[in-house]
Amino acid sequence: MTDLHWLSVAEAADAIAARELSPVELMQALLARIEKLDPRLNAFITLDGDQALAAAQAAETEIAAGRRRGPLHGVPVGIKDIMDVAGLPTTCHSRILADNVATDDAVCVSRLRGAGAIVVGKLATHEFAIGGPSFDLPWPPARNPWNPDHHPGGSSSGSGSGVAAGLFPMALGSDTGGSVRNPASCCGIVGLKPTYGLVSRRGVFPLSFTLDHVGPMTRTVADNALMLEAIAGHDPLDPGSAASTPGHYGAALGRGVRGLRIGFVRHFHEVDTPAEPEVTAALQHVARSLQVAGAELRDVTLPTLAEFGAVNRVILQSEAWSIHAKWLRERPGDYARFSRRRLMAGAFMGAGDYVTAQRRRREMMAAVEAAFRDVDVLLCASSMDPACRIDHLEEVERTYRRQARTPFNVTGHPALAMMSGLSKGGLPLSVQFVGRYFEEATLFQVARAWEQASGMDRKHPPIG
Amino acid sequence: MDKEIIELLARRAGLQKAMAEFPDDVIAAARQAADVAAAIAAPEDPRAEPWPPMRAGEGL
């Protein structure tokens, strides 16, 4: 058997079902790896090793008694620390909530546990899922396992770092302006922002009510589909929850792309925000590979990244201000400088700015929907650069804006980021696929075709 | 946006403590807000509705 820490969710599940691997053995191997690597990566805020081992023992007993719950049973998962896990702190990586202990599981956590997954701990994030890597908080920022001097992306930084480093095979992240897909891009894993409303946000600390999404982060496309199947579904107590029936998201994984129409949004990385040449070359390579595999490629034009970005920020910062105003008035010094600046911006947005952004948003949704009349999936850039150094804060600020993820928080379409290659410096490059509302299965189909052609699921960081 | 207007808006938002302790951050936040709001072109059609739409009775 391969190293236990590089087993995918599906491989671990198969080995557990065949009694070739015990959940306890898997958990012990991962806890040993966490002990060895996390002091360099800082992926964890709270490690819950004893509870995780006890849950692994319980899973082993249940499976041995013939009560296997499904493909996640006995498989470890990491949880971004803005999501409630009963009995553990939800700090949001902030002094403001340092002593906040959750009494219930968030719905996404409870669904994973219901499917048999085992929570190994709570993961580093940018403070309140905004801001950036901050060195003025009680916990250090997570680092990139491909090179710990570099940024792992964010805000789901511990989720990206830990999955890529083999500390756990899957994690939950949240995505308001790209926070699942940015760490997926920087760390070379698979990150999905599902359709808005497909996964419940109840029990997840909000950043922006109309932009927040919960999404799965894994090392393979198939694992991402498995995880989505566990967490998707209507929640009557989440006002944004969609009245949709979850599908079999892995149904089309092996079908290839023959006959699919893929729209290439070139202007994002060629005109709006010109990408680094190696990012552009990798995107061309992905497009060409899918074409060779039988997809029909068409150019697609959408509104500009600058306008998508402005709409996203006005909405995000206005809604976030409404959430944080009391603390920013009374305890501004308890925030990191990075997040304090970003969150206070909402205080200076006018009501008219917010409504104008929401009106423009509706037009942007219609523009993307119009594009989907002619294509099945969109292909575009995710990050325009490989991850920068984590201690170079000007560069972190500069590269943060150079991305094409926010358009799909604005429109709510499902979007998946994954590795497109490696830079000359040995850091992951990325590609993004975008689907029609609730057509995550088609997204996975295309992503799997690229993964199969490129072998990206077998590329791991040289750490450990 | 000049400093006097920023101070006025910051007081209205209740950010006196932040203004006293972190004036650079308040000013940066205000300028950022003004820049980003100015980058949005309002819909040309005055009847263009916002998203999400009001749907009475849903999501309660």
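Visitor: What makes residues of chain B count as in contact with chain A, and how many do?
Guide: This is a predicted model. Contact here means that C-beta atoms, placed from the backbone, lie within 7 Å. By that test, 29 residues of chain B are in contact with 32 residues of chain A. On the chain B side, the elements that give two or more residues are α2 (16-21) and α3 (23-38) of chain B. α3(B) gives the most, with 10 residues.

Visitor: What classes of residue make up the side of chain B that touches chain A?
Guide: That side has 22 nonpolar, 3 polar and 4 charged residues.

Visitor: Why are α2(A) and α3(A) called roughly antiparallel?
Guide: Helix α2 (residues 23-41) of chain A packs against helix α3 (residues 49-64) of chain A at an angle of about 160 degrees. The cut-off for roughly antiparallel is over 145. The pair is therefore roughly antiparallel. Their axes are 8 Å apart. α2(A) passes α3(A) in a right-handed crossing.

Visitor: Which residues meet where α2(A) packs on α3(A)?
Guide: From α2(A) come A:Pro23, A:Val24, A:Met27 and A:Leu31. From α3(A) come A:Gly49, A:Ala52, A:Leu53, A:Ala56, A:Gln57, A:Ala59 and A:Glu60. By class, this contact has 8 nonpolar, 2 polar and 1 charged.

Visitor: Now the sheet. In what order do its strands lie?
Guide: 11 strands of chain A form an open sheet, in the order β1-β3-β2-β4-β6-β5-β10-β11-β9-β7-β8. The pairing is mixed. From one strand to the next, the twist averages 30 degrees.

Visitor: What makes β1 and β8 of chain A edge strands?
Guide: Each pairs on one side only. The partner of β8(A) is strand β7 (residues 261-264) of chain A, joined to β8(A) by 4 bridges in a parallel run. There, A:Ile262 stands opposite A:Leu297.

Visitor: Why is β11(A) called largely enclosed?
Guide: Strand β11 (residues 428-435) of chain A has 8 of its 8 residues buried, so it is largely enclosed by the rest of the structure. Both faces are covered. On one side, A:Pro428, A:Ser430, A:Gln432 and A:Val434 are buried. On the other, so are A:Leu429, A:Val431, A:Phe433 and A:Gly435.

Visitor: What makes helix α5(A) largely enclosed?
Guide: In helix α5 (residues 157-165) of chain A, 9 of the 9 residues are buried, so the rest of the structure largely encloses it. Among them are A:Ser157, A:Gly160 and A:Val163. α5(A) packs on the sheet, touching β1, β2 (76-80), β3 (118-123), β4 (170-175) and β6 (213-218) of chain A. Its direction makes about 150 degrees with that of β4(A). Just after α5(A), A:Gly166 takes a positive phi of about 75 degrees.

Visitor: How do you know whether A:Leu172 is buried or exposed?
Guide: Count its C-beta neighbours inside 10 Å: there are 28. The cut-off for buried is 20 or more. A:Leu172 therefore counts as buried. This residue sits in strand β4 of chain A. Its contacts beyond four places in sequence include A:Val77, A:Ile79, A:Ser159 and A:Val214.

Visitor: Why is α11(A) called largely enclosed, and what covers its buried residues?
Guide: Helix α11 (residues 337-344) of chain A has 7 of its 8 residues buried, so it is largely enclosed by the rest of the structure. A:Phe338, A:Arg341 and A:Leu343 are among the buried ones. The cover includes α10 (305-330) of chain A, together with α2 and α3 of chain B.

Conventions: Residues are numbered from 1 along each chain as its sequence is written. Chains are lettered from A and ligands numbered from 1 in the order in which they are written. This is a predicted model: local features need pLDDT of at least 70, side-chain atom pairs count only at pLDDT 80 or more; totals for chains, interfaces and linings use all residues. Two residues are in contact if their C-beta atoms, placed from the backbone, lie within 7 Å. Ala, Val, Leu, Ile, Met, Phe, Trp, Tyr, Cys and Pro count as nonpolar, Asp, Glu, Lys and Arg as charged, and the others, Gly among them, as polar. Axes are lines fitted to C-alpha atoms, for helices over the stretch in contact, and angles run from 0 to 180 degrees between N-to-C directions. Angles under 35 degrees count as roughly parallel, over 145 as roughly antiparallel, 65 to 115 as roughly perpendicular and the rest as oblique. A crossing is left-handed if the near helix is turned anticlockwise from the far one by less than a right angle, and right-handed if clockwise. A residue is buried if 20 or more other C-beta atoms lie within 10 Å of its own, exposed if 12 or fewer, and partly exposed in between; C-beta atoms are placed from the backbone. Two strands pair if DSSP finds at least two bridges between them.
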